[in-house]
Amino acid sequence: MSVTLQFNGRSLISLLGIIRLLEIFFSCTAFSLAAVYHNYDGNYGAWSMFTWCFCFIISVFVVIMELISLDKALPLSWQDFTSAFSMLATLMIFTTSIVYPATFIPLCKSYNCDYQIGATVMSCLCFIAYAVEVGLTRAKAGELSNFLTTIPGLLKVFEAYVACLIFSLLDRLSYFKSYPGLEWCVAVYSICFILTMVIIILTIGRCLGSLPIPVEKTLVAYNILAVLMYLTVVVVWPLYSFRNTPRPSCTPYPARCAMWDNHLGITFLSFFNLIAYIVDFTYSYKMVFVTTPA
């Protein structure tokens with residue numbers, strides 16, 4: 001298969017192209033400001049720096065590939081890839097825009113916070129830019145488009161990302177192995193995350209439609225299963241985590257306080273994913289079983 005390079009200047013001057021250039025500028029400026037005085041220590045600092053650099057690199061890759069018209073030569077669904085990435089970047093930058101200032105601005109002196117504040121502002125602007133891209137590339141009602149540009153497809157990215165946040169909090173909780181109820185919750189998080197990632201990967205790899213099963217109905221069935229499983233989680237996890245366990249004092253053992261906060265964070269994230277799967281099921285059901293008369 002021969003690949004022909006062709007300069008596509010319109011990809012830069014279109015509205016979507018301008019938005020992507022802004023994403024590159026804002027993310028680059030954010031990690032540059034944070035790096036000036038090494039304001040990225042610890043786990044949260046490393047996460048923030050990774051997010052800005054990751055989004056910057058992938059956005060540059062997307063712009064270059066479209067500029068030289070190589071996007072169509074890749075063995076993947078380019079529209080699904082860019083849509084999934086913009087949704088993921090929106091979620092990652094949104095998290096960073098909360099975590100970074102909450103961690104580093106309180107630690108700096110009042111007269112020496114310029115770089116931290118600047119990085120936060122650039123991160124917030126970067127989040128807005130990626131959110132705008134999601135809105136521009138999302139499939140409109142009645143429009144034939146790729147799966148990951150539809151609301152159910154974007155929700156798949158959201159569900160996988162929330163599961164990753166849950167896993168990051170579970171990393172500090174080893175006691176759940178002693179309780180079958182909590183083990184079930186971890187199993188639900190893992191099963192739903194793996195299946196959701198398989199759907200995303202198969203879609204980007206143009207393999208989902210070639211499966212010897214009715215894909216649309218299978219996705220609806222999976223969403224029903226995920227909703228039922230998460231319904232048990234939002235009952236079982238708080239029951240085991242907070243029953244007769246009020247929030248402990250953070251002094252002199254801050255680890256106990258952090259553990260309780262992780263419990264609470266996982267509880268809220270579980271509710272978020274339950275809502276996402278319910279909305280996902282609703283839209284998927286309408287797309288498959290509800291027909292609109294011509």
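Visitor: Leaving aside its neighbours within four places in sequence, which residues is Ser59 in contact with?
Guide: This is a predicted model, and Ser59 has its place in helix 3, residues 42-67. Neighbours within four places in sequence are left aside here. The contacts of Ser59 are then Glu23, Ile24, Phe85 and Tyr130.

Visitor: Does Ser59 count as buried or exposed, and at what relative accessibility?
Guide: Buried means under 20% relative accessible area. Ser59 falls under that cut-off, so the residue counts as buried, at a relative accessibility of 2%.

Visitor: How many disulfides does the structure hold?
Guide: A disulfide is a covalent bond between the sulfur atoms of two cysteines. For Cys28, the closest cysteine sulfur is in Cys53, 8.7 Å away, and the cut-off is 2.5 Å, so this is too far for a bond. Cys28 is partly exposed at 27%, and Cys53 is partly exposed at 24%. The number of disulfides in the structure is zero.

Visitor: How many residues of the contact of helix 6 with helix 7 are nonpolar?
Guide: On the helix 6 side the contact includes Ala160, Ala163, Ile166 and Phe167. On the helix 7 side, Val186, Tyr189, Phe193 and Ile200 are among those met. Two residues of the contact are polar and two are charged, while the nonpolar ones number 13.

Visitor: Is the ring pair of Tyr189 and Tyr230 stacked, tilted or edge-to-face, and why?
Guide: Tyr189 lies in helix 7 and Tyr230 in helix 8 (residues 215-242), so the pair ties together parts that are 41 residues apart in sequence. Both Tyr189 and Tyr230 are buried. Their ring centres are 5.9 Å apart and their planes stand at 55°, so the pair is tilted.

Visitor: What is the arrangement of the rings of Tyr189 and Trp237?
Guide: Tyr189 and Trp237 are both buried. Trp237 is in helix 8, 48 residues from Tyr189 in helix 7. The ring centres of Tyr189 and Trp237 are 6.4 Å apart with planes at 65°, and planes over 60 degrees apart count as edge-to-face, so the arrangement is edge-to-face.

Terms used:
Residues are numbered from 1 along each chain as its sequence is written. This is a predicted model: local features need pLDDT of at least 70, side-chain atom pairs count only at pLDDT 80 or more; totals for chains, interfaces and linings use all residues. Side-chain values use heavy atoms; hydrogens and water are left out. Contact means heavy atoms within 4.5 Å. Helices (H or I, at least four residues) and strands (E, at least two) are DSSP runs, numbered from the N terminus. Ala, Val, Leu, Ile, Met, Phe, Trp, Tyr, Cys and Pro count as nonpolar, Asp, Glu, Lys and Arg as charged, and the others, Gly among them, as polar. Buried means under 20% relative accessible area, exposed over 50%, partly exposed in between (1.4 Å probe, protein chains only). Rings of Phe, Tyr and Trp (its six-membered ring) pair if their centres lie within 6.5 Å; planes under 30 degrees apart count as stacked, over 60 as edge-to-face and the rest as tilted.
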